[in-house]
Amino acid sequence: MTASQAAAALRAQPAQMTGFKSLLWLSLMVLLWGLSWPATKLALNTVPPLWLAAIRFGSAALCLFGLLAVRGKLVLPTRVDWPIVASIGFLQMMVFTGLGMIAMVHVDTSRAVLLAYTTPLWGVVVGWLALRQTPTRWQLAALLLGLAGIGLICSPWEMDWSAPGAVMGAAFLLVGAISWSVVILHIKRHRWSASPLALAPWQMLLATVPLAAIAYGLEGAPTEIAWDLRLVELLVFIGPIATSACFVISAEHGRRVSTFTMSNFTLGVPLIGILASVLFLGNQLTVLFAAGLGLVVAGMVLAATAMVRAR
């Protein structure tokens, strides 16, 4: 080995170690996000859904405000960044999470987490209709696979349509996923003035205020919540850990891997959520659900691959 080759190898080692650490942190993030779904289901036994969404983002916002203040990076969003603050705060956090919490009261956790993470499929549709981005053959194939899987999972042979709120819950989850896909397209086109981490607590605050107001109007005051140590542990996990801490991991380490890698990582969230729901909540997986799961996951993988090919 020549001196130049040895120097290049030494320079590559820190980069490889940094990349390996990022993958470990992102793996932890995916694990926590996946586990947050059964934790949310358990918390919903005590806390009304909209209040739970408000508590989640309120507690997470406080944690991030504190973190940024300690780092000396707490800033007000500029005029350039307010549109993305509003987009993420209202559509992704308030609509996606609020509807998702309501849906989880009526839908089992395995189905909820899978339908919520069909976002990459709806991104193809939203880009086609709103931005006139004609889908490629790969994207169309991904969409057809994913829609076939959704059709199986929401079919009357797999889901009891006569159960109170079952169809509404599935519809709420799909509307939330579509809202999130709109946000993703906005994020790709937005020119950031501040960092995503610096804007995150403002987005969470923007979601918390209307969620709390709507919760007060529809669900009453939160004084009826039966507080105990177990509920506090669940809320700490759902808010400060699975929301604020995972957002920090995503902001700090997500930019160090490729978009394709990040997309494949997030595919692990519904898989972990489904597995955890089976283990901790006793959810049953039927053959039809497993077939639908396979089609949806295949569609999401194909959608991520199509995105890379398009670039």
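Ser36 is buried, its relative accessible area coming out at 9%. That puts it below the 20% cut-off, which is why the label applies. This is a predicted model, so keep that in mind throughout. Ser36 sits in helix α1, which covers residues 3-43. Skip the residues up to four places away in sequence, and what Ser36 touches is Phe237 and Ala242.

## α2 against α3

Two packed helices are described by the angle between their axes and the distance between the axes. For helix α2 (residues 49-71) and helix α3 (residues 82-106), the axes come within 8 Å and cross at roughly 135°. The pair is therefore oblique, and α2 passes α3 in a right-handed crossing.

Who does the touching? On the α2 side there are Pro49, Leu50, Leu52, Ala53, Arg56 and Phe57, and these meet Met93, Thr97, Gly98, Met101, Ile102 and Val105 of α3. By residue type, the contact of α2 with α3 splits into nine nonpolar, two polar and one charged.

## α5 against α7

Next up are helix α5 (residues 119-130) and helix α7 (residues 166-189), whose axes come within 8 Å and cross at roughly 65°. The crossing of α5 and α7 is right-handed. From α5, the contact draws on Thr119, Trp122, Gly123, Val126 and Gly127, while α7 brings Leu174, Ala177, Ile178, Trp180, Ser181, Val182, Ile184 and Leu185. The tally for the contact of α5 with α7 is nine nonpolar, four polar and no charged.

## A closer look at α7

Helix α7 runs for 24 residues and spans 36 Å from its first C-alpha to its last, close to the 34 Å expected at 1.5 Å a residue.

## Gly292 in α12

Gly292 belongs to helix α12, residues 287-310. Gly292 is buried, with a relative accessible area of 0%. Set aside its neighbours within four places in sequence, and Gly292 is in contact with Gly149, Leu152 and Ile153.

One more distance for the notebook: Gly292 and Val269 are 23 residues apart along the chain, and their C-alpha atoms are separated by 16 Å.

Technical notes:
Residues are numbered from 1 along each chain as its sequence is written. This is a predicted model: local features need pLDDT of at least 70, side-chain atom pairs count only at pLDDT 80 or more; totals for chains, interfaces and linings use all residues. Side-chain values use heavy atoms; hydrogens and water are left out. Axes are lines fitted to C-alpha atoms, for helices over the stretch in contact, and angles run from 0 to 180 degrees between N-to-C directions. Helices (H or I, at least four residues) and strands (E, at least two) are DSSP runs, numbered from the N terminus. Angles under 35 degrees count as roughly parallel, over 145 as roughly antiparallel, 65 to 115 as roughly perpendicular and the rest as oblique. A crossing is left-handed if the near helix is turned anticlockwise from the far one by less than a right angle, and right-handed if clockwise. Contact means heavy atoms within 4.5 Å. Ala, Val, Leu, Ile, Met, Phe, Trp, Tyr, Cys and Pro count as nonpolar, Asp, Glu, Lys and Arg as charged, and the others, Gly among them, as polar. The expected span of a helix is 1.5 Å times one less than its number of residues. Buried means under 20% relative accessible area, exposed over 50%, partly exposed in between (1.4 Å probe, protein chains only).
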